[in-house]
Amino acid sequence: MRKAFYILLICLIVKHTQAQEVLPLSQCYTLAKQNYPIAKQKGYINESLEQQIAQLKSNFKPQVDLVGQATYQSDVTSVPIKIPNIDIPQISKDQYKIYAEVKQSLYDGGITQAQISVQKAASQTEQQKLAVELDKLKERVSQSYFSILLSQNQLKLIDIIKNELQSKINRIKAGIQNGVSTQANLNQLEVEILKLEQRTSEVKSQESLGKKILGLLINQDLSSVQLVSPELSTSQDTKIQRSELTLFQEQHNLLSTQEQLINAKNMPKIGLFLQTGYGRPALNMLENDFKGYYIGGLRFNWSLGGLYTKKQEKTQLLISSKNVDAQQEAFLLNTNIALQQLDAEVKKLDNMIELDQKIIVLREKITKTSSAQLDNGIITASDYVTNLSAELQAKENQLIHTLQQALAKANYQSTLGL
């Protein structure tokens with residue numbers, strides 16, 4: 001029976017696979033990342049960066065200020081002497097001025113370029129955080145994928161047992177006609193068929209739920225696709241390649257660009273300016289009439305106040321960098337622990353699968369013997385059903401352990417970042 005079981009199982013798998021498109025686990029990972037709603041944030045982050053860079057580059061475009069001013073002051077400049085035949089005008093205490101000033105930056109100490117570098121590094125950090133979040137989908141996809149595979153293989157196994165029971169029912173019916181079997185035996189087998197129908201309905205419901213969940217995750221209709229258990233390994237030689245490690249590096253890059261910004265803020269700035277306006281008084285303070293004027297030149301500015309806080313700001317960045325290093329060390333430790341646990345789980349299941357096979361061989365022998373005994377009227381159908389159910393349970397256990405091992409291997413590779 002064991003040989004017939006595997007031949008029939010292989011035939012069912014081949015026939016089903018040929019009629020349907022194969023959807024591997026790796027493709028499900030890719031589709032889940034592409035279709036998960038937060039994947040849209042990647043485009044938003046890029047758009048935001050472009051806007052921020054364009055805004056920063058405008059620092060080197062001419063800047064125009066329009067200023068109006070009206071004042072009244074308690075005293076004005078005057079000449080405290082009188083010169084014969086010369087009338088020295090008295091400056092009004094109410095004064096008015098409106099002017100426009102155009103400024104053009106020539107050198108800003110590198111602050112604009114440093115700000116652009118900070119924005120780019122911040123954008124890369126956000127992109128990597130997004131990649132970390134999307135990688136978390138792998139575990140959910142794997143659970144749904146292998147849940148569907150388990151249900152499908154359980155259905156195939158149940159079908160094989162049902163066929164075996166149906167064959168036995170046909171023999172029992174013939175035996176009743178010949179007077180060598182009883183109606184009670186037939187009823188017992190028919191009850192078991194009904195139980196298997198219940199089990200089939202339950203497993204199909206589990207399969208349908210798994211397909212709905214996986215279908216939502218990858219945005220695909222799974223009604224016409226075939227899932228296949230992937231060939232996976234738990235090699236100890238592969239290095240950890242998780243997205244979190246790249247995130248830690250991007251965080252260091254961001255801190256480095258922030259240090260460049262601190263240096264740039266404390267550099268001198270040089271620019272051109274042109275001011276033109278109309279007011280009373282204009283540039284000649286002794287002329288009490290409204291007149292136009294202009295003034296232009298080169299402007300040098302160096303704010304030294306930042307030098308007092310520069311050291312503290314850099315110290316804070318150093319602390320932040322050490323904090324990132326500590327987070328990375330903790331992450332690597334926890335990841336290595338998780339890998340050891342998964343590797344132990346795979347080895348444990350490998351031993352269980354080997355024992356499952358030995359149990360199946362013995363259970364098949366017991367079932368075969370009880371089948372012959374039932375045919376000869378030595379035992380009842382109840383005894384036969386007990387042994388057949390035990391065989392079915394042994395084969396289901398092997399299926400469960402095999403797919404649990406495949407899931408553990410998939411989680412192992414996901415933990416590595418593969």
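Helix α6 passes helix α9 in a right-handed crossing, the term for a near helix turned clockwise from the far one by less than a right angle, with anticlockwise being left-handed. The helices here are DSSP runs of H or I with at least four residues, strands are E runs of at least two, and both are numbered from the N terminus. The model is a predicted one, so local features need pLDDT of at least 70 and side-chain atom pairs count only at pLDDT 80 or more, while totals for chains, interfaces and linings use all residues. Residues are numbered from 1 along each chain as its sequence is written, and side-chain values use heavy atoms, with hydrogens and water left out.

Back to the helix pair: α6 covers residues 183-218 and α9 covers residues 381-416, and their axes come within 9 Å and cross at roughly 25°. Axes are lines fitted to C-alpha atoms, for helices over the stretch in contact, with angles running from 0 to 180 degrees between N-to-C directions. The two helices are therefore roughly parallel to each other, going by a scale that calls angles under 35 degrees roughly parallel, over 145 roughly antiparallel, 65 to 115 roughly perpendicular and the rest oblique. On the α6 side the contact (heavy atoms within 4.5 Å) is made by N185, Q188, L189, E192, L196 and R199. The α9 side brings in A381, S382, Y384, V385, S389, L392 and E396. Y384 turns up again in a charge–ring arrangement, with the charged end of K168 sitting over its ring, 5.4 Å from the centre. That label calls for NZ of Lys or CZ of Arg within 6 Å of the ring centre and within 35 degrees of the ring normal.

From α2, L25, C28, Y29, A32 and K33 meet L137, K138, V141, S142, Y145 and F146 of α5. Within this set, K138 lies over the face of Y29, at 5.4 Å from the ring centre. Helix α5 spans residues 137-178 and also holds E139. With a relative accessible area of 46%, E139 is partly exposed (buried is under 20%, exposed over 50% and partly exposed in between, using a 1.4 Å probe and protein chains only).

On to the rings: the structure holds four aromatic pairs. The rings of F248 and F331 have centres 5.9 Å apart and planes at 65°, so this pair is edge-to-face. Pairing takes Phe, Tyr or Trp rings (the six-membered one for Trp) with centres within 6.5 Å; planes under 30 degrees apart are stacked, over 60 edge-to-face and the rest tilted. Since F248 belongs to helix α7 (residues 243-265) and F331 to helix α8 (residues 310-375), the pair ties together parts that are 83 residues apart in sequence. F248 counts as buried at 7% relative accessibility, and F331 counts as buried at 14%. Elsewhere, Y96, Y278 and F290 form one aromatic cluster.

The peptide bond from R280 to P281 is cis, with omega near -10°, and P281 sits in the loop between β5 (269-280) and β6 (291-301). N219, in the loop between α6 and β4 (225-227), has phi near 60°, a positive value in a residue other than glycine. N219 is exposed, at 52% relative accessible area.
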